[in-house]
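Here is a short briefing on salt bridges, a helix and a sheet. Please have the sequence and the model open as you read.

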Amino acid sequence: MRDFGGVVERTPARVVRPGSAEEVAAAVREAAAAGLVIVPRGAGHSTYGQSLTGGVCLDMRGLAGVREVGPDRAVVGAGTTWREVLDATLPLGLAPPVLTDFLDVTVGGTLSSGGVGGASHMHGTQAANVLALDVVVDGRPVSCSPAVRPEVFDAVRAGLGAHGVITAATLRLVPAPDRVLSCTIPCRDAADLLRVQREVRADHLSGQAKPSAEGWRYEAKAVLHLGTTPPHTATIQPPGTATQTTPTQADAPHEDAVQAPGATPPPMGTVQPSETAFQTAPAPADASHVGASQAPGAAQPHTGTVLPPGAAAQTATAPADGSHVGAGLASGAAPPHTGAVRGLGGGARAVGVQAGAASWVGGVSHAGEVPPGTSEVEELSFLDFADRLRPDVAELTVLGEWARPHPWGMVFLPGARAAEVIEETLASMTAADLGLSGVVLVKALRIGDVPMLAAPADPVLFSLLRTASPGCAAVAEMLAGNRALLARAEAVGGTRYAVDSVPDRWLDGAASQGQG
């Protein structure tokens with residue numbers, strides 16, 4: 001068995017797919033009695049075997065399903081993907097405040113690792129936006145929250161599965177916008193990129209470094225919400241599912257807090273532009289980002305061109321936090337000119353706006369300002385923006401890049417030293433060290449109240465989302481580069497983001513491996 005990283009391979013002694021918290025608890029007790037390590041696995045999007053084991057593999061996708069959606073929260077099984085969460089909440093005008101760039105990872109997996117997204121500069125990590133959890137600890141199901149068993153609540157969020165198995169989560173929800181305005185801001189260097197991320201007011205912020213003939217070029221993405229439909233207030237609850245709310249102090253450990261065996265999860269009506277092909281693929285890390293790719297042999301669009309759905313050129317978005325991959329290019333293909341904008345099924349279009357001025361877009365008055373220095377602007381629906389990696393994953397799958405090894409390097413850097421480390425690291429790299437579809441992501445963020453997620457003050461997540469493409473650096477060389485990155489980060493007070501690929505940092509069969 002392999003994970004998304006494709007570097008480590010392990011064969012489990014047993015695979016268990018529980019359908020309830022009680023079945024999780026029974027599997028944990030049986031594994032302990034047999035002396036076997038048990039490792040939860042969601043979508044398997046770890047990159048260095050964190051979701052793999054030679055013991056008992058606990059396949060958490062049997063615990064998928066959105067059980068309840070209320071005005072400000074949703075109760076979901078740990079095996080539910082963020083795509084499935086959006087399918088249930090967006091029709092009510094609601095969404096989680098922080099989403100990973102790649103939606104086909106599980107709630108339990110990202111909460112166990114932290115979960116960074118483009119809105120983490122405002123709302124913190126996904127683990128900081130969960131209201132309550134159902135967890136199996138020491139072979140028994142319990143509920144926890146900031147008020148009930150807070151020590152368990154703090155231990156399992158970003159705890160990588162070492163202190164309990166998350167079986168369900170009560171997620172915070174906020175009003176979702178109807179449409180967004182995505183602004184690209186070219187930056188001089190890493191310091192300028194971080195300055196933009198700190199100074200620009202936007203609902204989503206991310207940054208990338210891209211290889212070019214002149215060296216690495218930097219750009220920021222600032223995304224502004226354009227209009228919000230008042231959310232419906234009626235609670236939606238699938239038939240046959242027990243109501244669950246945030247635990248109170250009076251809550252006792254319960255056996256039925258998770259979907260009972262046989263309960264039918266709600267239908268997941270995925271909304272998808274008809275022009276956009278999609279192919280299901282193994283899920284990814286949490287990570288946060290944005291980018292651009294071009295189909296092999298496609299003509300390069302001129303700056304500012306809006307390409308209709310189905311056109312050959314394709315915008316590739318880079319991950320936001322450990323959670324996705326970026327641009328797929330055939331060997332030798334030239335990158336598109338900066339400014340190419342792909343028309344999306346939701347009506348994406350380039351919009352002429354004056355930087356620093358209030359904008360009127362799509363008939364909606366936007367009170368904020370388009371950031372100074374913006375070179376291109378794209379309007380699209382919130383769903384198309386949230387699901388922006390879907391066409392890229394389909395393209396990378398066709399090209400074979402999605403199935404190649406992904407030895408990712410990811411570190412949290414202290415803000416005061418981040419630009420220095422980023423510049424030094426990239427100065428020692430070429431495009432071959434990243435791979436044909438690799439992405440470099442830079443994201444200034446807040447962690448929030450998540451004690452298990454170690455990060456320096458004023459953290460910046462620096463991610464080298466490498467792909468071991470043909471003709472590029474070998475996996476061993478990429479892993480060595482990740483070691484060097486981590487050493488460089490730790491020398492200035494940085495820490496690793498434990499969804500990464502760093503040899504010698506994971507013990508074979510270690511219990512401290514996440515829900516993947």
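A salt bridge here is a side-chain nitrogen of Lys or Arg within 4 Å of a carboxyl oxygen of Asp or Glu. By that criterion, the structure holds 20 salt bridges. This is a predicted model, in which local features need pLDDT of at least 70 and side-chain atom pairs count only at pLDDT 80 or more, while totals for chains, interfaces and linings use all residues. Residues are numbered from 1 along each chain as its sequence is written, and side-chain values use heavy atoms, with hydrogens and water left out.

**Salt bridges**

- Asp-72 and Arg-73 join their side chains in a salt bridge, at 3.1 Å from N to O.
- Asp-72 is partly exposed at 36% relative accessibility, and Arg-73 is partly exposed at 26% (buried means under 20% relative accessible area, exposed over 50%, partly exposed in between, with a 1.4 Å probe and protein chains only).
- Arg-198 pairs with Asp-458, their closest N and O atoms being 3.4 Å apart; Arg-198 has a relative accessible area of 40% and Asp-458 one of 43%.
- A network of salt bridges links Arg-83, Asp-104, Asp-387 and Arg-390.

**Helix H9**

- Helices (H or I, at least four residues) and strands (E, at least two) are DSSP runs, numbered from the N terminus.
- Within H9 (residues 415–427), Arg-417 and Glu-420 sit three residues apart, about one turn of the helix.
- An α-helix has 3.6 residues a turn, so residues three or four places apart point the same way.
- The side chains of Arg-417 and Glu-420 form a salt bridge of 2.7 Å, N to O.
- Arg-417 is partly exposed at 34%, as is Glu-420 at 41%.
- Buried residues of H9 include Ala-418, Val-421, Ile-422 and Leu-426.

**The five-stranded sheet**

- Five strands form an open sheet in the order S4-S5-S9-S7-S8, with antiparallel pairing (two strands pair if DSSP finds at least two bridges between them).
- S4 (66–69) and S8 (140–144) are the edge strands, each with a single partner strand, so one side of each has no neighbour in the sheet.
- S7 (residues 130–137) pairs with S8 in the antiparallel sense over five bridges, and Val-136 stands opposite Pro-141 in S8.
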